[in-house]
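Let's take a look at this one together.

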Amino acid sequence: MLTLYGIPNCDTVKKARDWLDANRVAYAFHNFKTDGIDEVHLKIWCAKLGWEKVLNWASTTFKALPDADKHNLNQEDAIALMIEQPSMIKRPVFEKDDILIVGFKPDLIDPKTLR
């Protein structure tokens with residue numbers, strides 16, 4: 001089954017959930033705010049997609065970091081930041097078997113592959 005990771009009040013996550021429902025794709029929702037995220041998942045995601053794509057550079061949480069924390073980031077530092085503050089993870093994350101998609105662009109996702 002598909003797992004959708006995100007934050008319930010995020011507009012993009014809401015759009016993704018509505019799209020999944022409209023396309024009759026069953027999913028489990030993993031709430032970053034209440035359930036957090038573990039290092040194992042983040043290491044896998046970063047290995048598959050690159051930590052630069054997993055980190056939400058545009059998030060207000062990331063932007064609020066001190067400049068010293070934002071500059072010269074590497075994967076290890078980025079993972080530590082995302083574990084500490086999961087709102088720094090780009091949302092939503094779709095995960096099913098070997099499928100891993102970060103962000104939501106409905107025109108680029110075939111709902112059949114997520115069923």
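## Salt bridges

Searching the whole structure turns up two salt bridges, a salt bridge being a side-chain nitrogen of Lys or Arg within 4 Å of a carboxyl oxygen of Asp or Glu. Side chains of opposite charge can pair when their charged atoms come close.

One of them joins lysine 43 and glutamate 39, at 3.2 Å from N to O. These two sit four residues apart in helix H3 (residues 39-49), so about one helical turn separates them. Lysine 43 is partly exposed, at 42% relative accessible area, and glutamate 39 is partly exposed at 42% too. (Buried means under 20% relative accessible area, exposed over 50%, and partly exposed in between, using a 1.4 Å probe and protein chains only.) The other bridge links aspartate 67 and lysine 70, at 3.7 Å from N to O; they are three residues apart in helix H6 (residues 67-70), again about one helical turn.

## How to read this model

This is a predicted model, where local features need pLDDT of at least 70 and side-chain atom pairs count only at pLDDT 80 or more, while totals for chains, interfaces and linings use all residues. Residues are numbered from 1 along each chain as its sequence is written, and side-chain values use heavy atoms, leaving out hydrogens and water.

Helices (H or I, at least four residues) and strands (E, at least two) are DSSP runs, numbered from the N terminus.

## Helix H3

H3 buries Leu42, Trp45 and Cys46. They span an arc of only 95° around the axis, so they are on the same side of H3; the arc is taken from the directions from the helix axis to the C-beta atoms. On the face turned away from that buried side are the exposed residues Val40 and Ala47. The buried residues pack against several elements, including strand S1 (2-6), helix H4 (51-54) and helix H7 (75-84), with contact meaning heavy atoms within 4.5 Å.

What caps the N-terminal end of H3? That's aspartate 38, with a side-chain oxygen 3.0 Å from the backbone nitrogen of valine 40. Just after H3, glycine 50 has a positive phi of about 95°.

## Helix H7

In H7, the buried residues are Ala78, Ile79, Leu81 and Met82. Looking down the axis of H7, they fall within an arc of 160°, so they line one face of the helix. Exposed Glu76 and Glu84 are on the face turned away from the buried side.

The buried residues of H7 pack against H3, H4 and H6. At the N-terminal end of H7, asparagine 74 is the cap: a side-chain oxygen lies 3.1 Å from the backbone nitrogen of glutamate 76.

Key. A polar contact is a pair of N or O atoms within 3.5 Å; within protein, one must be able to donate a hydrogen and the other to accept it, and residues adjacent in sequence count only if both atoms are side-chain atoms.
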